[in-house]
Amino acid sequence: MSDSVLIEGLAVETVVGVYDWEREVDQRLMVDLEMAWDNRVPGASDDVRDALDYAAVSARVVACLQALKPRLLEHGAEALATDLQDAFGIAWLRLTLKKPGAVPEAQWVGVRIERGAR
Ligand SMILES: Nc1nc2c(c(=O)[nH]1)N=C([C@H](O)[C@@H](O)CO)CN2
């Protein structure tokens, strides 16, 4: 079973970064998520209660990162992955956390992690 639910380019404004000035301002993070889910069940029932609700996941991503205020992207990604897996029962996920503008010469910099097993 290789079904997924996807979220791409979710924007989150939060405190993030290791430098003193970064603790004083909000910056934008972008989140991409691929989450393993058996889509055959909601595919048959047409009931959102059987689905991994991408709207509910998106709201939790925003709340989690705004509460965490991570210094490192690595810490934000790790905490977010654990929180989402626990909250929604996601067996496997791939999470990319991007910080656009952190390196002026780059479109974005970031980290990508995979956690769990399909
Ligand atoms: N691997 C990482 N390197 C750096 C991070 C990070 O989160 N992970 N963060 C910074 C600063 O906060 C930077 O983004 C400020 O522009 C530097 N390196």
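Is Glu-114 buried or exposed? Glu-114 is exposed, because 12 other C-beta atoms lie within 10 Å, and the terms rest on a count of other C-beta atoms, placed from the backbone, within 10 Å of a residue's own: 20 or more make it buried, 12 or fewer make it exposed, and anything in between makes it partly exposed. Glu-114 belongs to strand E4, which covers residues 108–116, and its C-alpha atom is 28 Å from that of Ala-44, a residue 70 places away in sequence.

The model is predicted, and within it local features need pLDDT of at least 70, side-chain atom pairs count only at pLDDT 80 or more, and totals for chains, interfaces and linings use all residues. Residues are numbered from 1 along each chain as its sequence is written. The mean pLDDT of the chain, where pLDDT is the predictor's confidence in each residue on a scale from 0 to 100, is 98, and 100% of the residues reach 70 or more. For the complex, the predictor gives an ipTM of 0.97 and a pTM of 0.97.

The chain contains three helices and four strands, where helices (H or I, at least four residues) and strands (E, at least two) are DSSP runs numbered from the N terminus. Read from the N terminus on, these elements follow the order β-β-α-α-α-β-β. Along the principal axes, the C-alpha atoms of the chain fill a box of roughly 50 × 25 × 20 Å, and of the 118 residues in the chain, 19% are buried. Two residues are in contact if their C-beta atoms, placed from the backbone, lie within 7 Å; among contacts between residues at least 6 apart in sequence, 59% join residues at least 24 apart.

Leaving aside neighbours within four places in sequence, Leu-95 is in contact with Leu-33, Ala-77, Leu-80, Ala-81, Arg-112 and Ile-113.

The ligand has its own set of surrounding residues, which are Gly-17, Val-18, Tyr-19, Glu-22, Leu-72, Leu-73, Glu-74, Lys-99 and Ala-102; a residue is near a molecule if its C-beta atom, placed from the backbone, lies within 6 Å of it. This shell divides into five nonpolar, one polar and three charged residues, on a scheme in which Ala, Val, Leu, Ile, Met, Phe, Trp, Tyr, Cys and Pro count as nonpolar, Asp, Glu, Lys and Arg as charged, and the others, Gly among them, as polar.

Gly-9 lies in strand E1, residues 4–14, and is exposed because it has 8 other C-beta atoms within 10 Å. Leaving aside neighbours within four places in sequence, Gly-9 is in contact with Met-30 and Asp-32, while its C-alpha atom is separated by 8.8 Å from that of Leu-33, 24 residues apart along the chain. Ser-58, in helix H2, counts as partly exposed because it has 15 C-beta neighbours inside 10 Å; not counting residues up to four places away in sequence, Ser-58 touches Ile-7 and Leu-10.

The backbone also deserves a look. Most residues other than glycine have a negative phi. Asp-46, although not a glycine, has a positive phi of about 60°; Asp-46 lies in the loop between helix H1 (40–45) and H2 and is exposed, with 8 other C-beta atoms within 10 Å. Lys-69, likewise not a glycine, has a positive phi of about 50°; Lys-69 is placed in the loop between H2 and H3 and is partly exposed, since 15 other C-beta atoms lie within 10 Å.
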